[in-house]
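Work through the exercises below with the structure open beside you. Each task is followed by a solution in steps.

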Amino acid sequence: AIHNGVLSLYHGQANGKLASAEGGRIETGRWHHIVGVARPTTRKLEVYLNGRLTGSAPFDGTIRTLPNAGIGIGDAASGNGAEIRFKGFVDEISIRNEALSADLIGKRFAGRLS
């Protein structure tokens, strides 16, 4: 989610609790490379902004699945409404079933700059 210029990763756990990691401040009027990673083996949520780790938090290593529920990008997990909606553009989205390494995330960001 991006709310009031702050980047956050929210992750629903199997026990119904929500884990979150804040990951830096977004500047308006600029493109940013944002990556959120849930690492079940180390039980860490990680947020990367422009190729570097900017926030992390613990989680229980599980994921909550709900029927008919999708993924939210740029929205807040706490509710639904125009006042919390992300207003901007998303250029590219990639969802993977494996956690990218910090090194690979940094290299991918650097590659986009060239």
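A residue is called buried when its relative accessible area is under 20%. The model used here is a predicted one.

**Exercise 1.** State the order of the strands in the open sheet of three strands, and name its edge strands.

*Solution.* Step 1: the strands of this open sheet follow the order E4-E5-E6, and their pairing is antiparallel. Step 2: an edge strand pairs on one side only, and this holds for E4 (34–39) and E6 (52–58). Step 3: on average, neighbouring strands of the sheet are turned by 15° against each other, direction ignored.

**Exercise 2.** Describe how E4 is joined to E5.

*Solution.* Step 1: strand E5 covers residues 44–49, and six bridges join E4 to E5. Step 2: one of the partner pairs is Ala38 with Leu45 in E5. Step 3: the two strands form a hairpin with four residues between them. Step 4: in that turn, Arg43 has a positive phi of about 55°.

**Exercise 3.** Describe how E5 is joined to E6.

*Solution.* Step 1: E5 and E6 run antiparallel and are joined by six bridges. Step 2: Tyr48 has Leu53 in E6 as its bridge partner. Step 3: this hairpin has two residues between the strands, and Asn50 takes a positive phi near 50°.

**Exercise 4.** Is E5 mostly covered or mostly uncovered?

*Solution.* Step 1: apply the cut-off of under 20% relative accessible area. Step 2: five of the six residues of E5 are buried, so by this definition the strand is mostly covered.

Conventions
Residues numbered from 1 in each chain as written. Predicted model: local features only at pLDDT ≥ 70, side-chain atom pairs only at ≥ 80, totals over all residues. Heavy atoms only, no water. Pairing = 2+ DSSP bridges. Axes fitted to C-alpha atoms, helices over the stretch in contact; angles between N-to-C directions. Buried < 20%, exposed > 50% of the residue type's maximum accessible area, 1.4 Å probe, protein only.
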